[in-house]
Amino acid sequence: MKITAADVIVTSPSRNFVTLKITTDEGLTGLGDATLNGRELAVASYLTEHVTQLLIGRDPHRIEDTWQFLYRSAYWRRGPVTMAAIAAVDMALWDIKGKAAGMPVYQLLGGASRTALRTYGHASGRDIPELFDSIRQHLEEGYKSIRVQSSVPGIKALYGVAAQAQATGERYDFEPAGRGAQPTEEDWDTRAYLRHVPTVFEAVRNEFGPELPLLHDGHHRMTPIQAAKLGKSLEPYDLFWLEDVTPAENQEAFRLIRQHTTTPLAVGEVFNTVFDFQTLIREQLIDYVRAASTHFGGISPLKKVMDYAAQYQIRSGFHGPTDVSPVGLAAQSHVGLAIHNFGIQEYMEHSKKTNTVFEQSMTFVDGYLHPGDSPGLGVELNEEAAASFPYQQAYLPYNRLTDGTVHDW
Ligand code: GCO
Ligand code: MG
């Protein structure tokens with residue numbers, strides 16, 4: 001078999017997605033997700049200018065060789081743009097291999113280690129009653145674990161909190177990057193946040209009891225000692241995990257946090273390679289690997305980092321927001337189904353528009369996700385529908401402290 005075409009499709013059904021479609025001389029096609037939220041066209045251009053011509057004529061079965069070729073031959077390794085482009089190629093080749101074998105990709109990765117993937121959903125509210133409504137709605141839909149984000153008195157605009165009542169249908173209105181020529185500005189006050197968050201979890205535990213697994217995302221906004229303080233103050237509420245408490249470019253920062261708290265830690269949604277996890281895993285400084293197949297070079301490296309993590313009893317918690325396309329979500333769901341050290345899968349349903357463009361065999365039943373048993377990844381692109389949603393420039397928001405300083409997020 002030989003690759004005869006590699007096309008990049010940019011579409012914006014509710015939000016922007018970049019998809020690579022690889023075609024072979026035997027008529028089999030494969031899809032890969034190359035979406036980098038707010039920087040979509042950089043990856044599209046990396047693919048069309050530097051990668052697609054290298055694929056023509058190659059044997060699509062040689063996934064590992066193609067991955068190593070793209071990673072090593074460029075000389076310039078790593079980084080989100082490069083690794084999202086390589087991820088798309090890797091996923092598309094696994095998709096083709098699965099179709100050629102007549103098997104879903106998880107079978108090629110060793111077969112299912114469980115019947116389906118337990119997920120967590122995103123509840124949020126501007127105040128406690130709104131948050132409780134959002135949690136109840138998720139529980140009614142079958143979610144068994146809940147991420148809790150809430151507004152903080154003194155902070156006017158906070159990422160991760162739906163601005164509209166959940167009933168409007170714009171359920172995750174904070175999640176699509178804002179469309180427009182400039183990013184929107186939010187604000188941040190760490191002291192107000194550290195004071196408020198434990199009171200929210202106390203209220204949630206009082207209302208929903210001790211059993212419900214609860215998660216929280218800190219979006220990299222604290223210093224290590226502030227993160228340690230938060231982890232400690234949340235211990236009474238028994239979190240499933242506390243995510244991205246501090247920027248992790250400096251992996252050693254987690255030694256300090258770890259010395260102070262037993263709250264489980266999840267890190268890695270912005271990581272691109274196993275090297276970003278090296279110290280965190282080897283020194284057992286985290287509990288969950290948050291990488292996304294799309295930003296981590298695809299299925300092949302995701303499986304490898306999880307095999308490394310398994311030696312240290314560290315589990316998966318792959319990044320699954322709506323900016324990971326249905327192709328990327330399917331890719332990591334196949335990995336999650338196959339590995340032994342699966343933890344949980346983040347799941348935010350894609351919009352109806354997105355699902356008209358990406359036709360999927362994925363199912364979500366009673367809080368459990370399954371990639372389906374179609375050969376390959378189980379996602380096909382409706383190119384006509386994709387063409388009807390042209391790209392729109394979009395940015396993630398950023399935030400400033402009260403004195404005007406740009407802050408991490
Ligand atoms: C999460 C994430 C998202 C990201 C977004 C950025 O835990 O799901 O933090 O909310 O901010 O995916 O592209
Ligand atoms: Mg996150």
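Donors to a metal are N, O and S atoms within 2.8 Å of it, or 3.2 Å for Na, K and Ca. In this predicted model, the magnesium ion (ligand 2) has Asp217 (OD), Glu243 (OE) and Glu269 (OE) as its protein donors. These donor atoms lie 2.0 to 2.1 Å from the magnesium ion. Along the chain, the donors follow the spacing D-x25-E-x25-E. Asp217 belongs to strand E8 (residues 214-217) and Glu243 to strand E9 (residues 241-243). The two residues are 26 residues apart, and the pair links distant parts of the chain. Water is not among the atoms, so the site may look incomplete.

The domain assignment divides the protein chain into domain 1 (3-103) and domain 2 (117-374). The C-alpha centres of the two domains are 26 Å apart. At their interface, 30 residues of domain 1 are in contact with 31 residues of domain 2. The size of an interface is often given as the accessible area lost when the parts come together. For domain 1 and domain 2, the area buried between them is about 2,300 Å², with 56% of it on carbon and sulfur atoms.

The rule finds 2 salt bridges between domain 1 and domain 2. A salt bridge is formed by Asp276 and Arg78, whose closest N and O atoms are 2.9 Å apart. On the side of domain 1 that touches domain 2, the elements giving two or more residues are strand E2 (17-24), strand E3 (29-33), helix H2 (63-73) and helix H3 (80-101). H3 provides the largest share of that side, with 8 residues. By class, the side of domain 1 that touches domain 2 comprises 16 nonpolar, 9 polar and 5 charged residues.

Notes
Residues numbered from 1 in each chain as written. Chains lettered and ligands numbered in written order. Predicted model: local features only at pLDDT ≥ 70, side-chain atom pairs only at ≥ 80, totals over all residues. Heavy atoms only, no water. Domains from an automatic or database assignment. Contact = heavy atoms within 4.5 Å. Buried area = accessible area lost by both parts, 1.4 Å probe. Salt bridge = Lys/Arg side-chain N within 4 Å of Asp/Glu carboxyl O. Helix = DSSP H or I, 4+ residues; strand = E, 2+ residues; numbered from the N terminus. Nonpolar A, V, L, I, M, F, W, Y, C, P; charged D, E, K, R; others polar.
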